[in-house]
Amino acid sequence: RNDILGYAFLAPNLIGFIVFTLIPFVYALYISFFKWDGITDKVFVGLDNYLALLKDSGFRIAMKNTLIYTVLNVSTTIVAGLALALAVHSVKHLKTLFRTTLFLPNMVTISSIVIVWQAFYHPTYSPFSMILRTFGVENPPQWIGDPKWAMLCIIIMSIWLNAGYYMVLFLAALNNIPSHYYEAADIDGAGIWKKFWRITLPMLSPTTFFVVIMAIINSFKVFDQVALLTQGGPGRSTNVLVYYIYQESFTYYRFGSASAMAYVLFALIFIVTVIQYRGQSKWVVQ
């Protein structure tokens, strides 16, 4: 009777997982071995969809853009989240106000956020351009209209969007560090930086490990910012892997090729995650 009750509680989530995750996951693997446009009959092509990716310049560009975005976004967002957490943790008054304000971007729909950032990145009336003009820059960048700046613009927006979420995680970890470590360090005459490097950072390593894993996975899966802000342009300067998969599927109706790309992305995320788990014993303090 207890087992039946337990399965009853599990059933809604388990059914949702099977229907919306597991079945599509397996079916996508099946489709990746076929040439199919969703209308005509499937044509079995074996590994051709995977081998074709080696010759696909669009796939290589999307992979390159994804890696650039991941490296820059993960490193800067984690540093920003940790810095915000340390700053909020150190203030004595209005902690809740600061924490809520910095977390607010995570509670707003991405479409609303993009509308605001489109105004920030307007080629003529951008506040950034106006500031640069006041300092004598006659021809400020075109921001998302410039292939050299578009990816950086998306990264800056992503940092602003996600840093508050990671700040909350770091704040929770900071509150759990026993105060007697810092008291002992004060007795030994340790300064602020030594306490940070010798106590705070090691004690935050489990949270940092989790944040790094989640930030990497989310960066590889970036889609909303690109789809709503630049549509992969100008040119292909911001065309990341998930957006390219979307184009292959729902613009060109090459579902077999898109499924193969999706599994390459899955394999890439899986490998990076395994490497992270294997290496955690060297830097994560248990």
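A: What follows looks at one pair of helices and then turns to other parts of the protein. Please keep in mind that this is a predicted model, in which the protein has 13 helices and 2 strands.

The pair to look at is helix α7, which covers residues 150-175, and helix α10, which covers residues 205-220; these two pack at an angle of about 170°, and their axes lie 10 Å apart. Because angles over 145 degrees count as roughly antiparallel, α7 is described as roughly antiparallel to α10. The crossing that α7 makes as it passes α10 is right-handed.

If you now look at the residues that meet, α7 contributes Y166, L169, F170 and A173, while α10 contributes T207, T208, F210, V211, M214, A215 and N218. Sorted by class, this contact between α7 and α10 holds 8 nonpolar and 3 polar residues, with no charged residues.

From here we can turn to another helix, α13, which spans residues 255-279 and includes T273. With a relative accessibility of 17%, T273 counts as buried, since buried means under 20% relative accessible area. When its neighbours within four places in sequence are left aside, T273 is in contact with I213 and I217.

Charged residues come next. As a general point, side chains of opposite charge can pair when their charged atoms come close. In this model the count comes to 2 salt bridges. One joins K195 to D186, whose closest N and O atoms are 2.9 Å apart; here K195 is buried, at a relative accessible area of 17%, whereas D186 is partly exposed, at 44%. The other joins E248 to R254, with 2.7 Å between the closest N and O atoms; in this pair E248 is buried, with a relative accessibility of 3%, while R254 is partly exposed, at 41%.

Among the contacts with a separation of 6 or more, 66% are between residues 24 or more positions apart.

Methods: Residues are numbered from 1 along each chain as its sequence is written. This is a predicted model: local features need pLDDT of at least 70, side-chain atom pairs count only at pLDDT 80 or more; totals for chains, interfaces and linings use all residues. Side-chain values use heavy atoms; hydrogens and water are left out. Axes are lines fitted to C-alpha atoms, for helices over the stretch in contact, and angles run from 0 to 180 degrees between N-to-C directions. Helices (H or I, at least four residues) and strands (E, at least two) are DSSP runs, numbered from the N terminus. Angles under 35 degrees count as roughly parallel, over 145 as roughly antiparallel, 65 to 115 as roughly perpendicular and the rest as oblique. A crossing is left-handed if the near helix is turned anticlockwise from the far one by less than a right angle, and right-handed if clockwise. Contact means heavy atoms within 4.5 Å. Ala, Val, Leu, Ile, Met, Phe, Trp, Tyr, Cys and Pro count as nonpolar, Asp, Glu, Lys and Arg as charged, and the others, Gly among them, as polar. Buried means under 20% relative accessible area, exposed over 50%, partly exposed in between (1.4 Å probe, protein chains only). A salt bridge is a side-chain nitrogen of Lys or Arg within 4 Å of a carboxyl oxygen of Asp or Glu.
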